[in-house]
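Keep the viewer open as you read.

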Amino acid sequence: MAEHRSGCPINLSVEVLGDRWSLVVIRDIMFGNRRHFRELLTGSEEGIASNILADRLHRLVARGLVSRSPDPAHRQKVVYSLTEPAIQLVPVMAHLGAWGRRHLPVTRELAVRAELLERGGPELWERFMDELREQHLGTPRPPGTESVFARLRAAYEAELARE
């Protein structure tokens, strides 16, 4: 049996990211800064099962989208980090969020970050990717740049408070 259905870049991307949970796990690490298994499990808006989460994290690590390392603060925990290929999914996530906002029955509090990313466009995405590189890869971002993560979180929390 062939390893891949075809060499089409869309097919290959769907083979890696097209299951029900992989992009949701990446989203939670990317936008929720959930870096431990328990945070990903309990913070999942969609209610992912622990065995499914373990499987997806294993797959994402094997595919090179997420790395796994011992947590220096707690010997029995591991920290999950985005790798460069996952960080480069920010524009894809922004486009998916924008499409979902336009065509699906989203809730305001869960759509506000997608709206900010859409309005901010490629410049904001680049700044967010720089911030993710700093958080996950240890690459310092340009000094004096606003935290996109904090801006997205503040907008989300403001919508929650409004509810």
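In which loop is Val-106 found? Val-106 sits in the loop between H6 and H7. Keep in mind that you are looking at a predicted model. With a relative accessibility of 44%, Val-106 counts as partly exposed, because that class covers the values between 20% and 50%. Together with Trp-99 and Leu-104, Val-106 makes a nonpolar surface patch of about 300 Å².

In soluble globular proteins, nonpolar side chains tend to be buried together. Here, the largest nonpolar core has 38 residues. Ile-26, Met-30, Leu-82 and Phe-128 are the ones with the most contacts inside this core. Several elements give two or more residues to the core, among them helix H2 (22-32), helix H4 (50-62), strand S2 (78-82) and helix H8 (148-162). Helix H6 (90-103) and helix H7 (108-137) are also on that list, and H7 supplies the largest share, eight residues.

Leaving aside residues up to four places away in sequence, Leu-82 touches Ile-26, Ile-29, Met-30, Leu-65, Ile-87, Leu-132, His-136 and Leu-137.

A last stop is Arg-56, which you will find in helix H4. Is Arg-56 buried or exposed? Its relative accessible area is 10%, so Arg-56 is buried, the cut-off being under 20%. Again not counting residues up to four places away in sequence, Arg-56 touches Asp-19, Trp-21, Ser-22 and Val-25.

Terms used:
Residues numbered from 1 in each chain as written. Predicted model: local features only at pLDDT ≥ 70, side-chain atom pairs only at ≥ 80, totals over all residues. Heavy atoms only, no water. Core = buried A, V, L, I, M, F, W, Y, C linked by side-chain atoms within 4.5 Å. Buried < 20%, exposed > 50% of the residue type's maximum accessible area, 1.4 Å probe, protein only. Helix = DSSP H or I, 4+ residues; strand = E, 2+ residues; numbered from the N terminus. Contact = heavy atoms within 4.5 Å. Patch = residues over 30% accessible without salt bridge, like charges linked within 9 Å, V, L, I, M, F, W, Y side chains within 5 Å. Areas by Shrake-Rupley, 256 points an atom, 1.4 Å probe, with all protein chains shown as cover. Salt bridge = Lys/Arg side-chain N within 4 Å of Asp/Glu carboxyl O.
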